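Student: Hey, I've got a model open and would like to go through it with you. Can we just chat our way around it?

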Amino acid sequence: MRYQFTIDRPRSPGRGHAIAFAALVSAVIAGYAFAACGERKSDQASAGEPVVSMPTPAPAPVATEPQPTTPADFYKVGRNAWKAGNSAQAESAFVQALALDSTHVKSRLSLSRVLLETGRAEQALPHIETAISLDSTSSEPYRLQGRAFEALGRTEEAIGAYKRAIVIDDGDVWALNNLGSLYIKLGRFEDALGPIEWAIELEKGVAIFHNNLGTALEKTGHYTAAAAAYRAALEVEGAYGPAATNLARVEQLKEDPATPPLDLTAAVTKFRDEVTTWKQ
């Protein structure tokens, strides 16, 4: 390509002074750069503009979780997986924790829960027994032992395990509830009232406690009180289906005027006296 420059020449002198100089026009010629394949480089500016190489932005760092290396690390992974509903990952993490430290009680108990919740009570029992041998001062392993015995149909052993849990900690509301629930399954409805009502006195915000109390009250003929217990369960958890079903049923029942008056305070007092004898 040819570029032509033109310079204006000075006019002829003769008017007394000379006009000297002419305007110089300069142009900056920018060439086109082509790659060997004939395509323009991606970072090449358009013709006539200076080429400026723009810095490539650094990639954003990718956040990564630290790899678990200790029993506590694997226990944490397992707990998070369990809360997220991933029982298989939770079980694997607890097993890895125990492979590093067989005395890690929290992993023993958490693994036992996973096994119980997935219908493997027989496999859970050895882990629970090991946890008891490592820490017999906690009510938790005995409560889990009661659940395992109950799942296996060993009801008397289950009752004994729940009682041991309550002796160690009479504020263990789930041991109280579980014992009462087992009494209901065995048809011991009067016996169920004390432990379940005690659990509610300690923790009112659990729908299943109120529902279980309602069941015991209904089975003892106290329909009005049962309906109130079912409503209490729904106040705690509005979408709790069992309580809604039970309430709809009990509202259709007519209480027998001859039904003995209800005294839940007396039922709790009686049960507490029993606990005192267990501790002796």
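Predicted model: local features only at pLDDT ≥ 70, side-chain atom pairs only at ≥ 80, totals over all residues.

Student: Which residues in helix 6 and helix 12 meet?

Tutor: From helix 6 you have Lys163, Ile166 and Val167, and they meet Phe271, Val275, Trp278 and Lys279 of helix 12.

Student: How many aromatic pairs does the structure hold?

Tutor: There are 4 aromatic pairs. One of them is tyrosine 75 with phenylalanine 94: the ring centres are 6.0 Å apart and the planes sit at 40°, so that pair is tilted.

Student: Where do tyrosine 75 and phenylalanine 94 lie?

Tutor: Tyrosine 75 is in helix 1 (residues 71-83) and phenylalanine 94 is in helix 2 (residues 87-100), so the pair ties together parts 19 residues apart in sequence. Tyrosine 75 is buried at 18% relative accessible area, and phenylalanine 94 is buried too, at 1%.

Student: Then what about the geometry of phenylalanine 271 and tryptophan 278?

Tutor: That aromatic pair is edge-to-face, with 5.6 Å centre to centre and 85° between the planes.

Student: Back to helix 1. Is glycine 78 buried or exposed?

Tutor: Buried: glycine 78 lies in helix 1 and has 0% relative accessibility. Leaving aside neighbours within four places in sequence, glycine 78 is in contact with Ala90, Ala93 and Phe94. That Phe94 is the ring partner of tyrosine 75.

Student: How far is glycine 78 from serine 110?

Tutor: Their C-alpha atoms are separated by 8.3 Å, although the two residues are 32 apart along the chain.

Student: Change of topic. How many helices and strands does the chain have?

Tutor: It has 12 helices and 0 strands. Of its 280 residues, 36% count as buried. The chain exposes about 17500 Å², and carbon and sulfur atoms supply 53% of that.

Student: How many residues of helix 7 are buried?

Tutor: 11 of its 13, so helix 7 is mostly covered. Helix 7 runs over residues 173-185 and reaches 18 Å from its first C-alpha to its last, close to the 18 Å expected.

Student: What covers the buried residues of helix 7?

Tutor: The cover includes helix 5 (140-151), helix 6, helix 8 (189-202), helix 9 and helix 12. Among the buried residues are Leu176, Asn177, Leu179, Tyr183 and Ile184.

Student: And what follows helix 7?

Tutor: Glycine 187 does, with a positive phi near 80°.

Student: Let's move on to helix 10. What do its buried residues pack against?

Tutor: They pack against helix 9 (207-219) and helix 11 (241-250). The buried residues of helix 10 are Ala226, Ala227, Ala229, Tyr230, Ala232 and Ala233.

Student: Which residues does asparagine 211 contact?

Tutor: Asparagine 211 is in helix 9 and is buried at 6% relative accessible area. Apart from neighbours within four places in sequence, asparagine 211 is in contact with Tyr230, Ala233, Tyr240, Pro242, Ala243 and Asn246. Tyr230 and Ala233 are among the buried residues of helix 10.

Student: One last residue. Is glutamate 235 buried or exposed?

Tutor: Exposed, at 69% relative accessibility.

Methods:
Residues numbered from 1 in each chain as written. Heavy atoms only, no water. Buried < 20%, exposed > 50% of the residue type's maximum accessible area, 1.4 Å probe, protein only. Helix = DSSP H or I, 4+ residues; strand = E, 2+ residues; numbered from the N terminus. Contact = heavy atoms within 4.5 Å. Areas by Shrake-Rupley, 256 points an atom, 1.4 Å probe, with all protein chains shown as cover. Phe/Tyr/Trp six-rings, centres within 6.5 Å; stacked < 30°, edge-to-face > 60°. Expected span 1.5 Å × (residues − 1).
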